[in-house]
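Q: I'm new to this one. Can you walk me through it?

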Amino acid sequence: MEYTQAEILQTVRMTEMEHLDIRPVTLGLSLRDCVSDSVETTAQRVRAKIERTAANLVSTVDQIGDEIGIRIANKRIAVTPVSILAEGAGGNPVTLGKAIDEAARTVGVDFIGGYSALVHKGFTHNESEFLDSIPEALSSTERLCGSVNAATTRAGINMDAIARVGRLIKDAAERTRDRGGIACAKFVCFANAVEDNPFMAGAFHGIGEPEAVLNVGVSGPGVVNHAVQHADPEMPLQDLAELIKKLSFKLARAGELVGREAARRLDIPFGIIDLSLAPTPVIGDSVANIIEGMGFERAGTHGTTAALALLTDAVKKGGAMASSSVGGMSGAFIPVSEDAGMIEAVRVGALSLDKLEAWTSVCSVGIDMVAVPGSTSAETISAIIADEMAIGVMNNKTTAVRIIPVPGHDVGEMVEYGGLLGSAPIMAVNRFSSEGFIRRGGRIPAPLQSLRN
């Protein structure tokens, strides 16, 4: 893949002026060969393998970033779902979680994902016990992230799992009450989870993946925002879509350059580039501001679902043009606390939880980094998750919920998490109960479109 001088100069400009960065470089690593009949022995093997394989990850990626002049924000690891590792090992799976977290600290990565379970159709006895360990594992570690896949288009929606996840989220929030319930910021509930996602908190190394692989997530909402804000306000929408598509092409090219060079130096296969517009709290580095630049007073008003659909589709098309290795989720992320424009839209009353849910029918992932009152019931949280799972299952797309019931806080207050996690405005939930529906349990059957054979 060759690069022209014009491409290089434009990339330099985007880097210096428009907040272009490579958001994560994520090492996906299989730990299946570490399993033993003892959780302590498995933990020792897991820690040794992570520290051995990832020993040079951070230094190599930082060196490439310095050489090319593109900021690489996070270095991360995704591992085999820990529920699988714990299947045959007697003992507390939290022991594995702590060993994985310690290994992540030793090698210097920002986050490590994979304290996860795939329970979209039911539980094994081990997976049932594993779910109960999630609040302790995430509240007693620093870098460890976890997820549960509770639905797929093929299997339907495991409502028993979703009911339990609501209770687990409440437990995790209480265990980190003094930190604004931050353990919940490290947990995601998925429908149709993908195996090669480089973004946290939902990354894990799928069972269909190779021994080790390097996946890259490109950001760049600041680049797209700059272009949209400076475009002719009378530009027809098809031309605006073309502008975004061309920029996404360039972003994907830059990301693949970094990923392939890192893979070469580390002697690890290159996997995918995830071209997702992932915002940060930096002013201008905002998906909400991109939407507003299309002609809206505030993100969240009528018409913004259509605008987000345009944005997501153009990003995907640009990435697909640039690379045959586009994967992950690729599109536009809408994490409220991590996007300054989203925070302001919530503050002025333009953006509600219901509108966020509507947006998730057309964008990547789902209701992300949303803070709600600490008094919100587990059943209401489960119902919010169930709605999001239904959108994913019926539309055959990946959707997710990362929600934080902030203990001791109510609507209109703010909670500070810092860094990429930003500041979360507490959003209102519907005051009417969903308890009877959640209490039914069972499984919502797969839709007719699952019959594709």
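Q: Which helix does His125 lie in?
A: His125 is in helix α6, residues 125–139. Helices here are DSSP runs of H or I with at least four residues, numbered from the N terminus. This is a predicted model, where local features need pLDDT of at least 70, side-chain atom pairs count only at pLDDT 80 or more, and totals for chains, interfaces and linings use all residues. Residues are numbered from 1 along each chain as its sequence is written, and side-chain values use heavy atoms, leaving out hydrogens and water.

Q: Is His125 buried or exposed?
A: Exposed, because its relative accessible area is 74%. Exposed means over 50%, buried under 20%, and partly exposed in between, using a 1.4 Å probe and protein chains only.

Q: How many Å separate the C-alpha atoms of His125 and Arg52?
A: They are separated by 32 Å. Along the chain, the two are 73 residues apart.

Q: New topic. How many residues does the largest nonpolar core have?
A: It has 132 residues. A nonpolar core is a set of buried Ala, Val, Leu, Ile, Met, Phe, Trp, Tyr and Cys residues joined through side-chain atoms within 4.5 Å. Ile50, Ile77, Ile244 and Leu311 have the most contacts inside it. Helix α9, residues 237–266, gives the largest share, 11 residues.

Q: What does Ile50 touch?
A: Its contacts (heavy atoms within 4.5 Å) include Leu29, Leu31, Ile77 and Ile100, leaving aside residues up to four places away in sequence.

Q: Which helix does α2 pack on, and at what angle?
A: α2 (residues 39–53) crosses α5 at roughly 20 degrees, and their axes come within 9 Å. Axes are lines fitted to C-alpha atoms over the stretch in contact, and angles run from 0 to 180 degrees between N-to-C directions. So α2 is roughly parallel to α5; that label covers angles under 35 degrees. Ile50 of α2 takes part in the contact, and Ile100 and Ala103 are among the residues on the α5 side.

Q: How many residues are in α5?
A: α5 has 14, residues 94–107. From first C-alpha to last, α5 reaches 20 Å, close to the 20 Å expected at 1.5 Å a residue. Among its buried residues are Val94, Leu96 and Ile100. Gly108 follows, with a positive phi near 85 degrees.

Q: And what angle do α3 and α9 pack at?
A: About 135 degrees, with axes 10 Å apart. Leu57 and Ile64 are among the α3 residues there, with Leu257 and Ala262 among those in α9.

Terms used:
Helix = DSSP H or I, 4+ residues; strand = E, 2+ residues; numbered from the N terminus. Expected span 1.5 Å × (residues − 1). Parallel < 35°, antiparallel > 145°, perpendicular 65-115°, else oblique.
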